[in-house]
Amino acid sequence: MSDAATEQGRDRARVDAPLKVSGLAPYAYEHELEDPLFLVPVLSTVATGAITGIDAEAARAVPGVALVLTHENAPRLALPTIPTLAVLRKPRVRYRGEIVAAVVADSLETARYAASLVRVDYAAPPSGPDVRLDPEDPGVRPLRRVMGVYPGQHTVGDVDGELAGAAYRVEGHYATPVNHHNPIEPHSMVALWHADLGPLATVQPRSTRLTVWDSNQGVVAPQGVLAGAFGLLPTQVEVISPYVGGSFGTKGMPHPHVMVTAMAARKLPGRAVKVALTRPQMFAGTGYRPETRQRVALAADEQGRLRAVDHEVFAPVSRVIPWVDPTAGPSLSMYASPTRRVSYRAQHLDIGPGTFMRAPGEYTGMFALETAMDELAREMGMDPVELRLRNEPEADPESGRPWSSRHVATCLTEGARIFGLEQQQQPGGRREGEWLLGMGVASASFPQMGMGPSLARITFTGGRYVVSMQASDIGTGAWTVLAQIAAQALDVPQDQVEARIGTTDAPYAIIAGGSTGTFGWGSAVVEAAQAFRAEHGSDPAEGATTRARTRMPQGVRGVRRMAFGAHFAEVAVSEVSGEVRVRRLYGHFDGGRIMNPRTARSQLVGGMTMGLSGALFEESYRDPRFGHVVNADLAGYHVAAHADVVDIEVGWVGEPDPWMGATGAKGIGEVGIVGVPAAIGNAIFDATGLRLRELPFTPVKVLEAWESSGPAPAATVR
Amino acid sequence: MDHAVGGTSHLSTKLVVNGHPQELRHDVRVTLLDALRDHLGVTSVKKGCDHGQCGACTVLVDGRRVVSCLSLTASLDGAEVVTAEGLGTPDELSDLQQAFVDRDGLQCGYCTPGQVCSAQAMLAEVAAGMPSHVTEPGALTDPDTAVELTDEEIRERMSGNLCRCGAYVNIVAAIRDTAARRAGTGAQP
């Protein structure tokens with residue numbers, strides 16, 4: 001066995017790290033292009049209504065302005081596009097912050113100044129806008145389906161009967177706020193509509209008409225959307241996105257600026273048009289994690305075995321597109337219970353559309369469920385790890401199918417041992433000066449969905465093997481891990497393999513989403529490597545090439561695949577200020593085979609860091625009149641900084657899951673964030689006896705909880 | 001100052017960027033960040049928020065860290081500017097950059113050039129005895145003595161540089177390693 005045979009799973013530095021630490025990796029905005037133009041969008045200042053007029057005279061008069069784009073002069077689209085992207089089509093506004101015009105000029109300063117001169121007049125609609133979230137609103141409706149696939153209403157057994165007759169029962173109302181992804185790289189794009197390519201260009205399917213350098217989770221999304229909108233074949237739209245400065249879901253599907261920038265380029269052929277959204281523009285029009293209101297009730301018998309899981313979700317829905325997170329999903333699969341009920345209700349509002357954000361559904365739902373489990377453990381006086389162990393389901397409760405693998409119990413027990421989980425019988429007994437100390441635990445889960453096959457191509461050239469596919473590295477480590485997978489499958493050292501990803505000039509691949517990249521793309525790479533060796537042997541000729549697709553084991557539909565984990569938190573809560581400090585976080589994960597410990601650890605630690613940030617700080621506040629976010633920058637919307645993150649460590653089971661395909665790897669991009677807020681909230685209870693059911697756990701919420709809990713903090717805890 | 005296109009005022013400013021003298025004729029409104037990225041093609045400095053809130057645009061100006069999005073080019077005539085590529089390039093990384101690679105102190109890499117520049121200057125501040133919010137008041141007996149570089153000091157001093165991927169614990173480790181190595185070899189911070 002050569003060294004290469006163990007390449008998979010080896011600790012490797014990121015291959016793109018040297019470029020990134022020196023700042024030389026080119027992100028979307030940074031590719032060198034001759035004489036570019038700069039686009040600045042103009043956003044609506046009302047939530048709904050008709051545009052009665054746009055006065056762009058002053059903007060057009062500014063020297064250096066090349067174009068003011070409005071619904072009056074925007075190019076017509078060949079096909080209707082997805083509703084989110086249907087901007088500059090009609091003189092109407094659907095949410096505050098929708099793009100209603102754009103200015104293109106020869107400098108950023110000029111474009112920004114001219115954009116400030118564009119005057120838009122609106123006629124208010126007879127009523128509305130509807131922007132206030134209100135569970136009692138008469139327009140609230142039950143949902144039949146969530147994300148088109150999950151049941152909106154689902155009941156098994158006599159939930160109410162079990163709840164009424166249970167030995168133990170807890171019920172709580174939980175709330176999670178709007179969160180914004182806030183990748184540090186703003187949504188950016190450069191579009192170049194190629195100047196007249198001659199009369200034959202339109203009929204030549206491979207003539208590139210539009211090149212875009214874009215920041216996305218997969219080049220296939222902007223390629224498909226733009227080709228459809230402009231009546232081009234996909235082969236005529238080239239998308240180049242080698243490096244992406246973070247995403248977390250927001251760059252999964254194109255947002256309106258992509259359409260507007262391509263439209264501007266269409267009108268300015270031969271000139272590269274650049275856009276980088278400002279931070280406030282990102283808060284307005286690039287999606288977010290929608291708020292939820294949840295009710296969870298649990299019933300258990302004398303031994304702590306669940307008899308009922310009841311999970312109601314209420315959420316807003318944008319009238320533009322019906323995005324609802326599958327928040328109650330975990331309540332169908334996480335624990336064994338003879339009766340279960342999930343129910344979703346939604347209120348349609350005139351607000352910008354939500355979208356997937358790191359672990360959509362699981363993040364919000366597991367906050368409620370795992371807090372409720374802690375409440376049940378406290379109610380029973382049972383160890384919270386033991387309570388969870390007693391409710392481990394042998395098969396997936398939702399589908400009845402066997403687990404492909406499930407190591408939740410190991411995550412809980414090993415994690416508790418490594419972390420040193422010690423909770424207090426009576427909360428509030430540990431203190432250091434003004435700080436009350438506590439520990440908490442919560443489980444994590446994330447489904448492993450098939451997103452369809454990807455293709456990978458392996459070519460031998462210049463003494464090296466090049467693996468190419470449309471895969472995307474948004475910070476995950478795909479550049480490195482795909483090369484490692486190929487090296488192992490080809491049985492060569494990693495330095496003989498080079499990945500080429502992030503371009504449409506490569507075989508089709510699914511986007512980096514749903515934690516599917518490593519096992520989905522990885523399977524295609526293994527298949528391609530095996531086919532390559534079968535066709536070309538171990539001494540291939542220059543230029544030898546082979547392509548293959550993702551292959552999952554036969555019968556994969558008969559099992560349920562999920563990644564799992566357990567989080568442990570130690571917090572300190574100030575009884576003076578109400579501030580919560582997370583002193584330690586530890587996560588133990590069941591992520592199948594770990595392909596590269598260094599990048600895997602970073603992904604999991606990164607998810608936990610974002611979970612800590614969501615637990616303590618993050619909340620986008622909507623203006624009650626217009627529905628837009630008012631704290632729309634990184635001063636108003638605090639994300640965890642260095643000083644907030646003290647000690648985060650992870651471990652894992654590391655057992656390959658044969659149902660995940662050739663890699664045996666589960667997706668780990670999302671499971672790391674799931675359950676972190678619950679673990680922290682449960683630790684706050686251990687520290688203080690306060691049960692916080694609304695994120696984020698700000699000092700105000702802690703102090704208010706203390707106030708409403710009766711006696712002063714000092715009296716409670718001494 | 002003179003008036004050129006469109007009534008906007010233009011100026012000439014001389015900068016030394018990563019060792020290369022540059023003379024820039026620019027709109028008075030141009031920030032150092034946009035001068036570097038859009039006018040000089042130096043994209044080893046990143047724009048994350050343009051409001052001084054994220055630190056991605058951190059560069060060294062005459063050896064000190066600044067957020068270049070809040071610095072007007074016109075105010076910097078004669079300044080020496082260093083971005084991440086001025087500290088080291090892929091073929092010749094600085095010890096600090098190499099530590100970021102070794103400790104995986106990055107994921108998407110977009111905040112990274114700012115983190116690296118910030119850390120470089122921060123270590124010099126520590127060596128120069130500049131206290132931070134978490135420095136014990138009694139710890140500084142001599143103003144020219146280096147502050148003891150605890151992890152808490154690193155985190156406090158690096159808090160102007162946000163990392164949304166959550167590489168903080170690895171960044172702190174990379175800085176800690178670098179400081180220890182430099183102290184061990186007697187190298188300048």
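Residues are numbered from 1 along each chain as written, and chains are lettered from A in the order written. Because this is a prediction, local features need pLDDT of at least 70 and side-chain atom pairs count only at pLDDT 80 or more, while totals for chains, interfaces and linings use all residues.

**Exercise 1.** Work out how domain 1 and domain 2 of chain A meet.

- Start with the bounds, which come from an automatic or database assignment: domain 1 is 3–27 + 451–551, and domain 2 is 31–126 + 185–245 + 252–285.
- Next, the C-alpha centres of these two domains of chain A sit 33 Å apart.
- Now the contact (C-beta atoms, placed from the backbone, within 7 Å): domain 1 of chain A puts in 17 residues and domain 2 of chain A 20 residues.

**Exercise 2.** Describe the side of chain B that touches chain A.

- Count first: 53 residues of chain B contact 52 residues of chain A.
- Then look at who contributes: the elements of chain B giving two or more residues include α4 (112–127) and α6 (168–185). Helices here are DSSP runs (H or I, at least four residues), numbered from the N terminus.

**Exercise 3.** Check the span of helix α13 (residues 517–536) of chain A.

- Take 1.5 Å times one less than the number of residues.
- For 20 residues that should give 28 Å, and the end C-alpha atoms are 27 Å apart, which agrees.
- As for cover, 14 of the 20 residues of α13(A) are buried (20 or more other C-beta atoms within 10 Å of their own).

Methods. Two residues are in contact if their C-beta atoms, placed from the backbone, lie within 7 Å. A residue is buried if 20 or more other C-beta atoms lie within 10 Å of its own, exposed if 12 or fewer, and partly exposed in between; C-beta atoms are placed from the backbone.
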